[in-house]
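Colleague: I would like to go through the labels on this model one at a time. For each, give me the value and the cut-off behind the word.

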Amino acid sequence: MTSILRSPQALQLTLALIKPDAVAHPLILEAVHQQILSNKFLIVRMRELLWKKEDCQKFYREHEDSVVSASREIAAFFPDFSEQHWYEKEEPQLRCGPVHYSPEGGVHFAAPAGGLGPA
């Protein structure tokens, strides 16, 4: 699936969490996934986690509605993800397109010159 529509404005990172009751039902999970795609969000990382109740409570207790909190939360879920690298290297490519979606990997990627596949 190719998306040519990209904005000249910088993209923003958004962390989407899908709760266990939705993940437990494949049809609901697929509907949520399709809703994300149909609203033109680009999925740049995806991961499934199984947390203990205590981990969830700590996560939500520390949750603040701020950029600092978002960076901390992204780092908790994707420890190998570098926001700086993403904003410097990946974000401009995703913003300017063309962008492809990989159903197998469940993420969007910038199309490399002369071929398909994650960059």
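Colleague: Why is Tyr 87 called partly exposed?

Modeller: The relative accessibility of Tyr 87 is 35%. Buried means under 20% relative accessible area, exposed means over 50%, and partly exposed is what lies in between, with a 1.4 Å probe and protein chains only. So 35% puts Tyr 87 in the partly exposed class.

Colleague: Where do these values come from?

Modeller: This is a predicted model, in which local features need pLDDT of at least 70 and side-chain atom pairs count only at pLDDT 80 or more, while totals for chains, interfaces and linings use all residues. Residues are numbered from 1 along each chain as its sequence is written, and side-chain values use heavy atoms, with hydrogens and water left out.

Colleague: What makes Trp 86 and Tyr 87 an edge-to-face pair?

Modeller: Their ring centres are 4.9 Å apart and their planes make an angle of 80°. Rings of Phe, Tyr and Trp (its six-membered ring) pair if their centres lie within 6.5 Å; planes under 30 degrees apart are stacked, over 60 edge-to-face, and the rest tilted. Trp 86 and Tyr 87 therefore pass on distance and on angle. Trp 86, at 2% relative accessibility, counts as buried.

Colleague: How many aromatic pairs are there?

Modeller: There are two. Trp 51 and Phe 77 form a stacked pair, with 5.1 Å between centres and 15° between planes. Trp 51 sits in the loop between H2 and H3 and Phe 77 in helix H4 (residues 67–77), so this pair links parts of the chain 26 residues apart. Helices (H or I, at least four residues) and strands (E, at least two) are DSSP runs, numbered from the N terminus.

Colleague: Are Trp 51 and Phe 77 buried or partly exposed?

Modeller: Trp 51 has 30% relative accessibility and is partly exposed, whereas Phe 77 has 10% and is buried.

Colleague: How do you know that Arg 45 and Glu 90 meet in a salt bridge?

Modeller: The N to O distance between their side chains is 3.2 Å. A salt bridge needs a side-chain nitrogen of Lys or Arg within 4 Å of a carboxyl oxygen of Asp or Glu, so Arg 45 and Glu 90 qualify. Arg 45 lies in the loop between helix H2 (26–38) and helix H3 (53–62), and Glu 90 in helix H5 (residues 83–96), so the bridge ties together parts 45 residues apart in sequence. Arg 45 is partly exposed, at 35% relative accessible area.

Colleague: Which other residues form a salt bridge, and what separates them along the helix?

Modeller: Arg 95 and Glu 91 do, with their closest N and O atoms 2.7 Å apart. They are four residues apart in helix H5, which means about one helical turn. An α-helix has 3.6 residues a turn, so residues three or four places apart point the same way. Both Arg 95 and Glu 91 are buried. The structure holds two salt bridges.

Colleague: Why is Phe 81 called buried, and what does Phe 81 touch?

Modeller: Its relative accessible area is 12%, so Phe 81 falls under the 20% limit. Phe 81 is in the loop between H4 and H5. Leaving out residues up to four places away in sequence, Phe 81 touches Leu 13, Arg 45, Ile 74 and Trp 86, contact being heavy atoms within 4.5 Å.

Colleague: What makes a set of residues a nonpolar core, and how many residues has the largest?

Modeller: The members must be buried Ala, Val, Leu, Ile, Met, Phe, Trp, Tyr or Cys residues joined through side-chain atoms within 4.5 Å. The largest core has twelve, among them Phe 77, Phe 81 and Trp 86. H4 and H5 each supply at least two of its residues.
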